[in-house]
Amino acid sequence: MRRYLRVLFVCTLLVFCSLLYIFNQLVSSLERADHRERAPRTRAADTGLSERAQDDRCNSGSVPHWEPYWRISRAVCPNHCVTDSAPRSAPRDPLELAVVACGSRLEETLVMLKSAVLFSQRRLRFHIFAEDDLHAGFRQELESWPQRFRSKFSYSVYPISFPSDNAREWKRLFKPCASQRLFLPLILKQVDSVLYVDTDVLFLRPLEDVWSFLSRFNSSQVAAMAPEHEEPRIGWYNRFARHPYYGKTGVNSGVMLMNMTRIRDKHFKNDLAAVDLKWADLLMPLLHKYKLNITWGDQDLLNIIFHHNPESLLLIECHWNYRPDHCIYGSNCISAEQNGVYILHGNRGVYHDDKQPAFRAVYDAIKQFPLDEDPVRGLLLPLEEKLKSDHTYCGRSRLVFTRRLRESVTELQKDQDRSRRAEV
């Protein structure tokens, strides 16, 4: 009898365990189904493509410890973190544009900002990182623009700042202050996405055109850049680099569209540690390992990062970052020949010498154009006439410089005409 009771007890225990297992599996199944139902909404929210632009006044947030001004209250900015008081009347969130200016780059940066304001229909928000002695120049010039253009943007001016332990090393990396762009995701904590451009960039089409690439990012991509070269035979990275680089010819970081929320959240593969590292933990070890092997500073570090994380970069075509290398030895940017130039990048100092007259002509035309004048007679026609006298290889491709610019100028003229009629 006792044996049967034991068998009965064991059977009862097995039945109980089986029921418990079945119940546990049922609960897990329901949880997985609920997770799958919520996942699309979560991914949609995580893409950062809503074009939202947070109020970027200096804030306390979770920021690096090395600079006090990054820990200031959200409500108040100190004197060295200048925020304008332009009204926020636009119905849509502004597009965020960041630039870093040091040394003699004040005028060049203002011409770049002018080109952005001229042609963009969306409201813009400028994040200007500059040496302290340039701050007053930016404020004075930007506040002097005609109200119709001044009302199209707001701005903040920030001091140049690097981690205190290696500030001098970062500041001297390649060009003065250029490596500041690497720290934008760590400084602008309240900004979701930003377009970074070098000071020697000019917009020939509205900024919202390149901004639209954010909506084309897949779930893995955190940034968009154009190749360093189209023609491998004249490429620098594939011939001379002593470090890893992206793709066949590397990428150029003079125009860099970033989803900074994703950059802050992502763990990046690397050749520094056995584990993936977050952006804040990656930069300094990367510099220490490669500082004797890099030539182009922070651009080289970005190439190393995206060499190990190619799935995280959206490669855009060369007409979004058109440089002298695309025409100096003959035209090699097919997309510019087909579509015209959308963003002009006058590196090598070509805006300020006579080596590439076509680039300088575009720069001078935008620089000298009075904002309230007729853009066809005051900007486009003089430029087209000037380009006719340029017989260099780049000059022979003069139509790529004006094809999209003509569209932008025509749209600007129509907008000015509507404004004048409305005033009457």
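These notes cover the nonpolar cores and the disulfides of a predicted model.

1. The largest nonpolar core comprises 74 residues, and L97, L195, F203, Y322 and L344 have the most contacts inside it. Helix α2 (residues 106-119) contributes the most to this core, namely eight residues. A second, separate core of 44 residues includes Y196, M258, L286 and L287.

2. Setting aside residues up to four places away in sequence, Y322 touches C327, C333, A336, V341, I343, L344, H345, F359, V400 and F401.

3. The structure holds three disulfides. In one of them, C102 and C177, the sulfur atoms are 1.9 Å apart. The S-S torsion of this pair is about -100°, so the disulfide is left-handed. C102 sits in the loop between β2 (95-101) and α2, and C177 in the loop between α5 (167-171) and α6 (184-187), so the bond ties together parts 75 residues apart in sequence. Both C102 and C177 are buried.

4. C318 and C333 both lie in the loop between β11 (313-315) and α12 (334-339), 15 residues apart. Relative accessibility is 3% for C318, which therefore counts as buried; C333 is buried at 1%.

5. C327 is in the loop between β11 and α12, whereas C394 is in helix α15 (residues 393-396), 67 residues apart. C327 is buried at 0% relative accessibility, and C394 is buried at 1%.

Note on methods: Residues are numbered from 1 along each chain as its sequence is written. This is a predicted model: local features need pLDDT of at least 70, side-chain atom pairs count only at pLDDT 80 or more; totals for chains, interfaces and linings use all residues. Side-chain values use heavy atoms; hydrogens and water are left out. A nonpolar core is a set of buried Ala, Val, Leu, Ile, Met, Phe, Trp, Tyr and Cys residues joined through side-chain atoms within 4.5 Å. Buried means under 20% relative accessible area, exposed over 50%, partly exposed in between (1.4 Å probe, protein chains only). Helices (H or I, at least four residues) and strands (E, at least two) are DSSP runs, numbered from the N terminus. Contact means heavy atoms within 4.5 Å. A disulfide is a pair of cysteine sulfur atoms within 2.5 Å.
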